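This briefing goes through one chain by topic, from overall figures to single residues. Please keep the sequence and the structure in view while reading.

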Amino acid sequence: MHVYVVDFAWHGDQTLFIELKGTDKSQNFEGMVRVVDGVVYGDLVHPKKSTLSKEAITYIKNYVSEQISAKKF
């Protein structure tokens, strides 16, 4: 599992858009997540809409939360 941030943008004080790329089980992926009040949303991490494994979805959510906590954005 590998994930990295391609780009990000704040929309107001509470909404953050993050473009991600990475690999999940040797499959490349890219997509965008939205973070509102610390909660990660988007098709990339939606359990029914995402093509990623459950482990990858959890990893992405944790990765984004850790990056926010570390003030990377």
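**Overall picture**

Of the chain's 73 residues, 30% count as buried. The model is a predicted one. Its secondary structure amounts to one helix and four strands, and the order of elements from the N terminus is β-β-β-β-α.

**Dimensions and contacts**

- The radius of gyration of the chain is 11 Å, which agrees with the value near 11 Å that a compact globule of 73 residues would have.
- The C-alpha trace spans about 35 × 20 × 15 Å along its principal axes.
- Taking contacts between residues at least 6 apart in sequence, 30% join residues at least 24 apart.

- Four strands make up an open sheet in the order 1-2-3-4, and their pairing is antiparallel.
- Strand 1 (2-11) and strand 4 (39-41) are the edge strands, each of them pairing on one side only.
- From one strand to the next, the twist averages 30 degrees.
- Helix 1 (residues 54-69) packs on this sheet and touches strand 1, strand 2 (15-24), strand 3 and strand 4. The direction of helix 1 makes about 135 degrees with that of strand 2.

**Strand 1 with strand 2**

- Nine bridges hold the antiparallel pairing of strand 1 and strand 2.

**Strand 2 with strand 3**

- Strand 2 and strand 3 run antiparallel and are joined by ten bridges.
- Leu16 has Val35 as its bridge partner in strand 3, while Ile18 has Val33 as its bridge partner in strand 3.
- Two residues lie between the strands in the hairpin of strand 2 and strand 3, where Lys25 takes a positive phi near 55 degrees.

**Strand 3 with strand 4**

- Strand 3 (residues 27-36) pairs with strand 4 in the antiparallel sense, over three bridges.
- Val39 in strand 4 is the bridge partner of Val36.
- In the hairpin of strand 3 and strand 4, with two residues between the strands, Asp37 takes a positive phi near 50 degrees.

**Nonpolar core**

- The largest nonpolar core has 16 residues. Those with the most contacts inside this core are Ile18, Leu20, Val33, Leu44, Leu52, Ile60 and Val64.
- Strand 2, strand 3 and helix 1 each supply at least two of the core residues.
- Helix 1 gives the most to the core, with five residues.
- Ile18 and Val33, both listed among the residues with the most contacts inside the core, are also bridge partners across strand 2 and strand 3.
- Setting aside neighbours within four places in sequence, Leu44 contacts Leu20, Phe29, Glu30, Gly31, Met32, Val33, Ser50, Leu52, Ile57 and Ile60. Among these contacts of Leu44, Leu20, Val33, Leu52 and Ile60 are also listed with the most contacts inside the core.

**Loop residue Ser53**

- Ser53 lies in the loop between strand 4 and helix 1.
- Ser53 counts as buried because its relative accessibility is 13%, and the cut-off for buried is under 20%.
- Not counting residues up to four places away in sequence, Ser53 touches Asp24 and Lys25. Lys25 is the residue with a positive phi near 55 degrees in the hairpin of strand 2 and strand 3.

**Salt bridge**

- The count comes to one salt bridge.
- Asp43 and Lys49 form a salt bridge, with their closest N and O atoms 3.9 Å apart. The cut-off for that pair of atoms is within 4 Å.
- Lys49 counts as exposed because its relative accessible area is 55%, the cut-off for exposed being over 50%.

Definitions and conventions. Residues numbered from 1 in each chain as written. Predicted model: local features only at pLDDT ≥ 70, side-chain atom pairs only at ≥ 80, totals over all residues. Heavy atoms only, no water. Pairing = 2+ DSSP bridges. Axes fitted to C-alpha atoms, helices over the stretch in contact; angles between N-to-C directions. Contact = heavy atoms within 4.5 Å. Salt bridge = Lys/Arg side-chain N within 4 Å of Asp/Glu carboxyl O. Buried < 20%, exposed > 50% of the residue type's maximum accessible area, 1.4 Å probe, protein only. Core = buried A, V, L, I, M, F, W, Y, C linked by side-chain atoms within 4.5 Å. Rg over C-alpha atoms; globule rule 2.2 N^0.38 Å.
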